[in-house]
2 protein chains.
Amino acid sequence: MSELEKQCCPIHNLFSFIGKKWILLIIKSISEGCMCFSDIEKKLEWINPRILSSRLKELEDFGFVSSHTKENTKNKTIYCLTEKWMSFSQNLDSLMKWTKKWM
Amino acid sequence: MSELEKQCCPIHNLFSFIGKKWILLIIKSISEGCMCFSDIEKKLEWINPRILSSRLKELEDFGFVSSHTKENTKNKTIYCLTEKWMSFSQNLDSLMKWTKKWM
DNA sequence: CGGTATCCTATGGGATACTG
DNA sequence: CAGTATCCCATAGGATACCG
């Protein structure tokens with residue numbers, strides 16, 4: 001990998017991940033409070049369950065979402081945002097200001 | 001479009017655009033100084049000319065790159081970064097710090 | 001309810017050859 | 001040199017049906 005690529009790679013990975021379809025909408029949904037699968041499905045009326053399932057896994061792998069399966073409640077899994085996302089989201093304010101001015 | 005989508009859309013557009021393959025590498029190349037097509041091609045050794053051409057157009061449409069065709073020099077077009085990119089790039093420092101800590 | 005499986009199409013983008 | 005044209009394949013993701 002060239003020097004150029006080394007410099008760009010982490011930012012590219014970050015942007016291409018967050019830029020994926022549904023990712024931000026899913027995060028925004030969960031940001032209103034931890035949610036189970038069908039809650040998110042309802043919020044994002046047109047999402048395909050296959051896509052939602054795979055996005056949630058990707059979000060977990062990336063570290064922006066954590067999932068917890070509640071005992072006793074027959075497989076009820078809830079999804080929450082992580083510290084990693086909270087930390088990242090601090091960058092969003094200035095980015096949103098930028099988009100308002102330039103996009 | 002739902003309220004949720006309205007909130008996320010500009011950021012999504014921004015991230016999905018910058019997250020595209022080659023976009024950051026092209027920008028990084030040009031950031032060393034305005035360049036013509038073949039200069040960028042040489043820097044990014046493995047890029048397909050069809051892709052480079054289309055990415056440069058997208059970058060122009062997005063407003064991150066401007067192109068100027070020099071008279072007298074038979075179709076020599078040079079590509080430069082714009083104010084819009086310069087303004088955006090001010091957000092990159094904190095993002096890079098974030099990636100160093102979290103990715 | 002909380003997902004998986006299957007199918008299908010559209011788009012992305014690489015390889016290569018070509019043009020003014 | 002500065003792209004464009006053609007072809008081709010892999011992946012993304014929507015539709016729908018199904019399962020424990």
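**View 1. The largest nonpolar core of the predicted model.** This core comprises 62 residues, and those with the most contacts inside it are Ile26(A), Phe64(A), Phe88(A), Ile26(B), Phe64(B) and Phe88(B). A nonpolar core is a set of buried Ala, Val, Leu, Ile, Met, Phe, Trp, Tyr and Cys residues joined through side-chain atoms within 4.5 Å; buried denotes under 20% relative accessible area, with a 1.4 Å probe and protein chains only. The model is predicted: local features need pLDDT of at least 70 and side-chain atom pairs count only at pLDDT 80 or more, while totals for chains, interfaces and linings use all residues. Residues are numbered from 1 along each chain as its sequence is written, chains are lettered from A and ligands numbered from 1 in the order in which they are written, and side-chain values use heavy atoms, with hydrogens and water left out.

**View 2. Surroundings of Phe88(B).** Apart from neighbours within four places in sequence, Phe88(B) is in contact with Phe15(A), Leu95(A) and Trp98(A) from chain A, and with Leu14(B), Ile18(B) and Phe64(B) from chain B. Contact means heavy atoms within 4.5 Å.

**View 3. Helix α2 of chain B.** Seven of the eight residues in this helix (residues 23-30) are buried, among them Ile23(B), Ile26(B) and Ser29(B). Helices are DSSP runs of H or I with at least four residues, and strands are runs of E with at least two, numbered from the N terminus.

**View 4. The contact between chain A and chain B.** Each chain contributes residues to this contact: 36 residues from chain B and 36 residues from chain A. About 3,300 Å² is buried between the chains, 80% of it on carbon and sulfur atoms. In chain B, Leu4(B), Phe15(B) and Trp98(B) lose the most area to chain A, together 21% of what that side buries. Buried area is the accessible area (1.4 Å probe) that two parts lose on being put together, summed over both.

**View 5. Protein around DNA strand C.** Phosphate oxygens of DNA strand C lie 2.3 Å from a side-chain N or O atom of Ser38(A) and 2.7 Å from a polar side-chain atom of Ser53(A). Helix α4(A) gives the most to the surface near DNA strand C, with four residues.

**View 6. Protein around DNA strand D.** A side-chain N or O atom of Arg55(A) is 2.2 Å from a phosphate oxygen of DNA strand D. For Tyr79(B), a polar side-chain atom lies 3.0 Å from a phosphate oxygen of DNA strand D.

Definitions and conventions
Buried means under 20% relative accessible area, exposed over 50%, partly exposed in between (1.4 Å probe, protein chains only). A residue is near a molecule or strand if one of its heavy atoms lies within 4 Å of it. A polar contact is a pair of N or O atoms within 3.5 Å; within protein, one must be able to donate a hydrogen and the other to accept it, and residues adjacent in sequence count only if both atoms are side-chain atoms.
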